[in-house]
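Please consider the following structure.

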Amino acid sequence: MRKAYIAGNWKMNMTPGKGAAFASELAKAAKDAGADVKIMVAPPFVTIPAVIDALKGSDIIVAAQNMNDHKSGAYTGEVAPEMLKDLGVNTVILGHSERRSYYGETDEFINRKVLLAIEEGMDVVLCVGETLEEREEGKLEEVLSAQLSGDLMNVSAEAMSHITIAYEPVWAIGTGKTATPEDADSAHAFIRSFVAKLYSSDIAENLIIQYGGSVNASNVKALMAKENIDGALVGGASLSVEKFLPIITYNK
């Protein structure tokens with residue numbers, strides 16, 4: 001049985017002070033509400049230490065939004081996995097559509113990060129998804145196949161237990177548009193079938209696949225009711241306890 005996994009990607013929001021206050025409020029609210037899903041928050045790098053401190057004693061995972069593909073060296077402005085692990089961070093989001101589109105990250109580059117994260121014993125939330133143009137041209141499966149093949153190249157079957165896939169249609173991120181539950185489930189089903197071809201049906205069946213793209217309190221139940229949707233990677237709605245709590249307690 002796949003356990004629901006709800007993650008909040010804060011992107012470039014929340015100072016250390018605001019992040020710590022938010023995290024404390026979220027932890028208390030989630031506990032009081034009896035939330036029984038796996039919960040993760042991904043603050044900006046500078047906010048991570050304050051959030052980790054605020055969440056001591058909580059089951060909420062603190063993740064990084066990105067990392068470099070090298071262990072150390074002359075890479076100005078970058079963060080290495082060892083630095084994250086030293087803080088207590090063992091999960092990292094890789095391949096987010098904003099990293100791909102704004103900063104030109106290729107599947108080859110993302111794959112190097114994935115392999116390094118696995119080597120360092122970290123868990124990965126790997127983001128894949130198509131643009132509106134690609135969807136309208138009927139290239140959904142072609143795009144997902146290329147991304148999954150490239151991003152997971154040389155990732156062993158054993159390492160797949162450390163991989164979560166987040167399907168995020170680029171056209172639905174921060175736009176207020178959301179794929180219908182049926183559209184989202186169809187894409188998730190394709191991802192699961194493709195992973196079965198790459199690895200095995202058992203690995204595919206156990207794979208957690210999150211949906212990301214304007215998830216909110218009004219659509220989360222319909223999305224989570226679908227067979228192949230196991231969680232959510234939430235953006236804007238994760239910046240408010242009032243908006244995020246109904247998502248992590250969707251099954252209450």
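**Reading helices and cores**

Q: What length does helix 5 reach from its first C-alpha to its last?

A: Helices (H or I, at least four residues) and strands (E, at least two) are DSSP runs, numbered from the N terminus. The expected span of a helix is 1.5 Å times one less than its number of residues. Helix 5 (residues 107-119) has 13 residues and reaches 18 Å, close to the 18 Å expected. The model is predicted: local features need pLDDT of at least 70, side-chain atom pairs count only at pLDDT 80 or more, and totals for chains, interfaces and linings use all residues. Residues are numbered from 1 along each chain as its sequence is written, and side-chain values use heavy atoms, with hydrogens and water left out.

Q: Which residues of helix 5 are buried, and what covers them?

A: Buried means under 20% relative accessible area, exposed over 50%, and partly exposed in between (1.4 Å probe, protein chains only). The buried residues of helix 5 are Ile110, Asn111, Lys113, Val114, Leu116 and Ala117. Contact means heavy atoms within 4.5 Å; the covering elements include helix 3 (81-87), strand 4 (91-94) and helix 7 (140-151). Just after helix 5, Gly121 takes a positive phi of about 75°.

Q: Why does the span of helix 8 agree with its number of residues?

A: At 1.5 Å a residue, its 18 residues should span 26 Å, and the end C-alpha atoms of helix 8 are 25 Å apart, so the two agree. Among its buried residues are Asp185, His188, Ile191 and Arg192. Strand 5, helix 9 (201-206) and helix 10 (220-224) are included in what covers the buried residues of helix 8.

Q: How far from Asp185 is the nearest side chain of opposite charge?

A: Lys and Arg count as positive and Asp and Glu as negative, while His and the chain ends are not counted. A salt bridge is a side-chain nitrogen of Lys or Arg within 4 Å of a carboxyl oxygen of Asp or Glu. Asp185 is buried yet has no salt bridge, and Lys226 is 5.9 Å away. Leaving aside neighbours within four places in sequence, Asp185 is in contact with Lys226, Glu227, Asn228 and Ile229.

Q: Which residues touch the most other members of the largest nonpolar core?

A: A nonpolar core is a set of buried Ala, Val, Leu, Ile, Met, Phe, Trp, Tyr and Cys residues joined through side-chain atoms within 4.5 Å. Of the 71 residues in the largest one, these are Val41, Ile165, Ile191, Tyr211 and Phe244. Apart from this core lies another, of eleven residues, including Met40 and Cys127.
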